[in-house]
Amino acid sequence: MIAAIYSRVSTDDQEREGTSLDSQCRACLDKAKELGYTVPNEFIFKEARSGLSLCRPLLSELRQIAKASRITAIISYTLDRLARNPVDFLLLQDELEKLGIKLVFVTETIDSSDIGRLIAHVKGYASKLEAEKIKERTMRGKKATAEKGKIPSGFGRYNGLTGLRYDPLKNKLVHTEKVVIVKEVF
């Protein structure tokens with residue numbers, strides 16, 4: 001029995017920190033071993049993309065492997081690592097079920113009965129709401145940081161498009177000569 005592992009985080013920053021993707025992957029490998037699955041290295045997928053869309057390169061590659069009947073199961077840490085949108089999850093679940101591929105989660109059990117699908121849909125909807133809340137809070141925090149003249153996380157030290165650069169002595173953004181041009185353009 002061959003399985004694939006799919007781990008996902010939403011941002012490149014989370015991937016660079018290396019905490020969540022690696023721990024998800026380890027837990028999935030432990031689950032595979034527990035259930036008697038073999039997981040070849042080329043079937044371990046770690047992706048830094050939003051789960052609110054199915055348009056993810058590594059998920060697309062995994063789906064192609066599934067369609068080619070090269071695996072019997074996909075193991076992911078939780079339902080929301082595979083898809084945060086409940087409709088997307090149900091589409092994936094249905095697609096994989098038709099291919100005879102089992103979905104396995106480390107922290108939860110989802111079955112293909114009508115009740116199981118309902119529970120998966122409710123969990124997916126809650127996950128989608130959570131993702132939207134996280135996005136709103138993050139943007140609010142970045143805006144508040146920028147209003148204080150500091151660089152929000154995830155931004156570079158110099159932004160040539162806005163004419164701002166980071167001054168480490170002042171620990172804030174300062175205007176460069178380009179800022180006048182940028183203001184005129186906009």
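**Entry 1**

I began with Glu95, which is buried at a relative accessible area of 16%. I take buried as under 20% relative accessible area, exposed as over 50%, and partly exposed as in between, with a 1.4 Å probe and protein chains only. The model is a predicted one, in which local features need pLDDT of at least 70, side-chain atom pairs count only at pLDDT 80 or more, and totals for chains, interfaces and linings use all residues. Residues are numbered from 1 along each chain as its sequence is written, and side-chain values use heavy atoms, with hydrogens and water left out.

I then looked up the partner of Glu95 and found a salt bridge with Arg63, at 2.5 Å from N to O. Glu95 lies in helix H5 (residues 86–98) and Arg63 in helix H3 (residues 57–67), so the pair links parts of the chain 32 residues apart. A salt bridge here is a side-chain nitrogen of Lys or Arg within 4 Å of a carboxyl oxygen of Asp or Glu. Helices (H or I, at least four residues) and strands (E, at least two) are DSSP runs, numbered from the N terminus.

**Entry 2: the other salt bridges**

I noted a count of six salt bridges. One of them joins Asp22 and Lys46, whose closest N and O atoms are 3.1 Å apart. Because Asp22 sits in helix H2 (residues 20–35) and Lys46 in strand E2 (residues 44–48), this pair ties together parts that are 24 residues apart in sequence. Asp22 is partly exposed at 32% relative accessibility, and Lys46 is partly exposed at 33%.

I also checked Arg81, which forms a salt bridge with Asp80 at 3.3 Å between the closest N and O atoms. Both Arg81 and Asp80 are buried. Salt bridges with shared partners join Asp80, Arg81 and Arg84 into one network.

**Entry 3: cysteines**

How many disulfides are there? I found zero, taking a disulfide as a pair of cysteine sulfur atoms within 2.5 Å. The sulfur of Cys25 has its closest cysteine sulfur in Cys28, at 6.6 Å, which is too far for a bond. Cys25 is buried, with a relative accessible area of 6%, whereas Cys55 is exposed, at 69%.

**Entry 4: lining of a pocket**

Last, I looked up the classes of residue that line the second largest pocket: eight are nonpolar, three polar and five charged. Ala, Val, Leu, Ile, Met, Phe, Trp, Tyr, Cys and Pro count as nonpolar, Asp, Glu, Lys and Arg as charged, and the others, Gly among them, as polar.
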